[in-house]
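Me: I am new to this structure. Please pick a single part of it and take me through that part closely.

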Amino acid sequence: MRADIAGLGRLKGLVLTGAAALSVVAAGAFAQTPPPGAPPQSAPEGGPPSQFGPPPPPPLTEAQKLAASLPPPMPGGMPPLPPEPPGAPKPASDPRDLQGAWVHDQNLEFRMQNDMYGRPIPYTMEGAEVLARRVRSLNAGKPFINASSKCRPPGVEWQRDLNMPFQIFQSKDWIEFIFEEYHGRWRVLMNPDSAPAPAARDYMGRSVGHWDGSTLVVETTDMKQGVYLDTDGTPLSHDGKITSRIRKVDNGDGHPFLEIVSTFEDPRYYTHPWSVVRTFGWTPSLAVFHEYNCEEQIGDPSTPPDPGLIPEPQD
Amino acid sequence: MIVSKSHVLQALAGLLVWVAVGASAGAQPVPAPNLEGVWKIAKPQSSLRPIDGPIPFTTEGRKRFAANQRMKARGDFDDYDITTSRCSSPGTPRLMLTPERFKIWQRMGVVTFDFEWNQAIRQIDLRGLPPAPDFMGYALVPTMTGTSKGHWEGDTLVAVTTDISERTLLDDLTPHTDAMKVTEHLRLVGPDTLEDRITIDDPATFTRPWESVVAYRRQPAALFPEDVCLDRHDAHQPAIPSQ
């Protein structure tokens, strides 16, 4: 991950270098750099390729072309967050103390289309076909039954990404995330010996963490079933792995936040690991959660058991 | 729900006043009394009973209680007890009778009960904040756990809960209306014993307020296993396992 962050720094450096170059070059090739994933462009006729700007991205794979051909996702949004008043509790100064109330403070991404560097998601053809099946069924008004629709734990990524608050409680042996929605619990074992592995897999998988400096690194594996990484159904199989790198950031601007970089590894659906980054604002005013009681509705015999949703074909 | 601009501004302004309770504690536990820990009901019980005699039902209350008894005998649980039939939250105060463990956290002026049963929670707000903007209209609908406000009286946490949906029961049979007020006095009566004195006040169902006492024993620190009541439901197992 450090290498990735360093890579991001280099990328930004290249962009800045390119921008600076644009100020002195009348018509640099950088300004015509194609968007990520677009076919590479040939050098302008009659001249060599420009030396400015990043190299052209590799051409899309057939799987990525399939993903790119799907109708776009709904635009993201989020409800307004209340301002945190002066005098409200502050996060602990210890960078390894993550306790408190937090909420994803970016627009919800209904479908992840690019990684944190803007590169298209490295689907295998099987992964792209699963996504395409889900998006097409959703757009046809027949979304598939998934964990969320059945009031089951939806997995670490979706659980966190919802713009609903959670609280973190820490002890020596484990760190617990308690979410407003889905009766959500993300239990991170800092000492795996403190909790024996369950006889059967959990919906949320098994999460083991350690500190890398001031960054909490958590590896989540052994999920009971494949999960949707987002609302549209970007897939992760039950044998996939999520590595979450969590650090508390306080730039002194009065808006401390958690940064969580999630790296997904799943050779079934992706050709190589890829990552997204999210921020979670400090929101003590949301420490009292709204009630989540999905079961009242899903069990209502006066309504269809799976209103409007259909079973997903299995591969 | 119609939310006027002045209402929103008033509520936002109210947020600028942060009552001192717990505010200075940051993410750390509030000062003593400290009820934090893992707890479990000392004597499992499915019924909430007064400490001084039978439940003082009103005529209407007794009628509804008797109807619940008949539906239980017939197995028509969904007609009166959607916790048993659907895994809906038992609400306040029935959650305090669940036979599994629960954790208490005291952070940022909020006392959070983290139940092992179905990973349910209830929270008591000690911050004394004015209502936050309710853009989603949450306050229009009573909830199973209601709205709980609390404060300390010496070593005792006093919590008053209102707006509890009448789709919950006090226990496995006893009804109430959504006008009920539940007052709890929670305190340590020993280093490893927590007491919850629960007062039920619901004039439509009971002729007078009545009190019940439930005790809990401290348990070793533990990470609770994932618990999904609906999986038990689908496996035709009891929603609330007996222990």
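Reply: Two residues are in contact when they have heavy atoms within 4.5 Å of each other. Residues are numbered from 1 along each chain as its sequence is written, chains are lettered from A and ligands numbered from 1 in the order in which they are written, and side-chain values use heavy atoms, with hydrogens and water left out.

The part to look at is strand β2 of chain B, which covers residues 101-107. Strands here are DSSP runs (E, at least two residues), numbered from the N terminus. Of the 7 residues in β2(B), 6 are buried (under 20% relative accessible area, with a 1.4 Å probe and protein chains only), so the strand is largely enclosed by the rest of the structure.

β2(B) has a pairing with strand β1 of chain B, residues 37-41, where the two run antiparallel and are joined by 4 bridges. Strands count as paired if DSSP finds at least two bridges between them. Within β2(B), Ile104(B) is the residue opposite Gly37(B).

β2(B) also pairs with strand β3 of chain B, residues 110-115, again in the antiparallel sense, over 6 bridges. Here Arg107(B) has Val110(B) in β3(B) as its bridge partner. β2(B) and β3(B) form a hairpin with 2 residues between the strands. In that hairpin, Met108(B) takes a positive phi near 55 degrees.

Leu194(B) is 23 residues from Arg217(B) in sequence, and the two are 6.5 Å apart in space, C-alpha to C-alpha. With 44% relative accessibility, Arg217(B) counts as partly exposed, a class that lies between buried and exposed, the latter being over 50%.

A word on chain A, for anyone who goes on to read it. Chain A averages a pLDDT of 85, and 84% of the residues score at least 70. Over residues 1-46 of chain A, however, pLDDT stays under 50. Where pLDDT is low, the predicted coordinates should not be read in detail.

Note on methods
Predicted model: local features only at pLDDT ≥ 70, side-chain atom pairs only at ≥ 80, totals over all residues. pLDDT = per-residue confidence, 0-100.
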